[in-house]
Amino acid sequence: MFDEIMEKFEGSPSQQAVIRLLLERGFSVNDQGRVVSGGIEIPNTGIAREAGVDRRVVDSTTDAILADEELRRIFQNISAIPSLMDLAPVLDLSVLTVEVANADEPGIVATVTSKLADAGISIRQTISEDPEFTDDPKLYIITDESIPGELLNELSNLAFIRRITIA
């Protein structure tokens, strides 16, 4: 899906930068062509600054979104979810980041979370990046406690795991 969306803006790397930002942040586009998070309007100048483009590129991108029925359905229904990842150090939580060889393989989340549960580790939040919307999707698991080294080794030895980091 991500590739299909980006192809619609193939001739404009600047518009692709805006699209990427909207998808990464879960920002919507309302009927008036304004970028919003929930009901809060985000100024186009802020979007442009973050994406590294001119404000007019944001306008043309939102116009193109509203003109395309498929894009309109996607960008009028996308939403952001709050993440504990940045708060983890403040709240004394651990963040396990899992990178896999093939994100489309079934059972990745179930296998990793089952191993944590079997070890008695409480999971506060799980965030799985969608392989359709990001080039290198990751699984983030925020836990109440540190993950023991033996369990990290066990997880690292799973066939589908490419890399694990802990913060």
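Biologist: What share of the contacts in the protein chain with a separation of 6 or more is between residues 24 or more positions apart?

Modeller: The share is 63%, where contact means heavy atoms within 4.5 Å. The model is predicted, so local features need pLDDT of at least 70 and side-chain atom pairs count only at pLDDT 80 or more, while totals for chains, interfaces and linings use all residues. Residues are numbered from 1 along each chain as its sequence is written, and side-chain values use heavy atoms, with hydrogens and water left out.

Biologist: What makes up the secondary structure of the protein chain?

Modeller: The chain has 8 helices and 7 strands. Helices (H or I, at least four residues) and strands (E, at least two) are DSSP runs, numbered from the N terminus.

Biologist: Why is strand β6 called largely enclosed?

Modeller: Buried means under 20% relative accessible area, exposed over 50%, and partly exposed in between (1.4 Å probe, protein chains only). In β6 (residues 138-143), 5 of the 6 residues are buried, so the strand is largely enclosed by the rest of the structure. Across the protein chain, buried residues make up 40% of the 167 residues.

Biologist: How do you know that β4 and β6 pair?

Modeller: Two strands pair if DSSP finds at least two bridges between them. β4 and β6 run antiparallel and are joined by 6 bridges, so they meet that definition. Strand β5 (residues 123-128) also runs antiparallel to β6, with 5 bridges. Leu139 in β6 is the bridge partner of Val98 and of Ser128.

Biologist: Why are β1 and β3 called edge strands?

Modeller: The open sheet has 3 strands in the order β1-β2-β3, with antiparallel pairing. Each of β1 (28-29) and β3 (40-41) pairs on one side only. Strand β2 (residues 35-37) pairs with β3 over 2 bridges, and Val36 has Glu41 in β3 as its bridge partner.

Biologist: What makes Asp92 exposed?

Modeller: Asp92 has a relative accessible area of 64%, which is over 50%, so it counts as exposed. Asp92 lies in the loop between α6 (88-91) and β4 (94-100).
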